[in-house]
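Visitor: Hi, could you walk me through this one? I'd like to start with what holds the inside together.

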Amino acid sequence: MELEILDIKGNFVGQALGLVDSGADRTAVNMSYLPAIGLGLSLASMNEVAGVGSQKIPALATYFRFKIKGTKHELVVPANFVDSEHVDVVLGQEVFFDLYKIIFEKSKSTFEIVRVNK
């Protein structure tokens, strides 16, 4: 799905294609977006993540702010920023799946995302 990437102040800084991944615990974002987003390293911690490619890779754990294109709802989700050719934006379960009902129906060729009122 098309995403509008926002900086730390909520300003639009670019677009990306987001892949919804029910098998991912946390959102993963390519490290190339960090300069435009303007996140300070004081808000981040280093760790390692698995499941991206075939081995563990270093990740910068912080937050990712975005909107789903065509909606007015701004989201801020925990994210691992990674330097991987396999990742642009992968939307994982943490926070995102609490805010949206995700419906996959292969037999009907259906994919829906519906905001949950909380």
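Guide: Happy to. The largest nonpolar core has 22 residues, and those with the most contacts inside it are Phe64, Phe66, Phe81, Val89 and Phe96. A nonpolar core here is a set of buried Ala, Val, Leu, Ile, Met, Phe, Trp, Tyr and Cys residues joined through side-chain atoms within 4.5 Å. Buried means under 20% relative accessible area, exposed over 50%, and partly exposed in between, with a 1.4 Å probe and protein chains only.

Visitor: Which elements each supply at least two residues of this core?

Guide: Those are β1 (2–6), β2 (12–20), α1 (34–37), β5 (57–68), β6 (74–82), β7 (89–91) and β8 (100–105). Helices (H or I, at least four residues) and strands (E, at least two) are DSSP runs, numbered from the N terminus.

Visitor: Good. What does phenylalanine 96 touch?

Guide: Leaving out residues up to four places away in sequence, Phe96 touches Met1, Val20, Phe66, Ile68, Val77, Leu91, Ile102 and Ile113. Contact means heavy atoms within 4.5 Å. There is also a second, separate core of 8 residues, which includes Ala28, Ile57, Val82 and Val87.

Visitor: Before we go on, where do these values come from?

Guide: This is a predicted model, in which local features need pLDDT of at least 70 and side-chain atom pairs count only at pLDDT 80 or more, while totals for chains, interfaces and linings use all residues. Residues are numbered from 1 along each chain as its sequence is written, and side-chain values use heavy atoms, with hydrogens and water left out.

Visitor: Fine. How many helices and strands are there?

Guide: The protein has 2 helices and 9 strands. Along the sequence the pattern is β-β-β-α-β-β-β-β-α-β-β.

Visitor: And the overall dimensions?

Guide: The C-alpha trace spans about 40 × 35 × 25 Å along its principal axes. A compact globule of 118 residues would have a radius of gyration near 13 Å, and the 14 Å of this protein agrees with that. That radius is taken over C-alpha atoms, and the globule rule is 2.2 Å times the number of residues to the power 0.38.

Visitor: What share of the residues is buried?

Guide: Buried residues make up 38% of the 118. As for contacts with a separation of 6 or more, 54% come from residues 24 or more positions apart.

Visitor: Let's switch to loops. Where is glycine 92, and is it buried or exposed?

Guide: Gly92 lies in the loop between β7 and α2 (96–99). Glycine 92 is buried, at a relative accessible area of 0%. Its contacts, not counting residues up to four places away in sequence, are Asp21, Ala24, Asp25, Arg26, Thr27 and Phe97.

Visitor: Which residues other than glycine have a positive phi?

Guide: Valine 95 has a phi near 70°, and serine 109 has one of about 50°. Most residues other than glycine have a negative phi.

Visitor: Where do those two sit?

Guide: Val95 is in the loop between β7 and α2, and counts as partly exposed because its relative accessibility is 26%. Ser109 is in the loop between β8 and β9 (110–115), and at 72% relative accessibility Ser109 counts as exposed.
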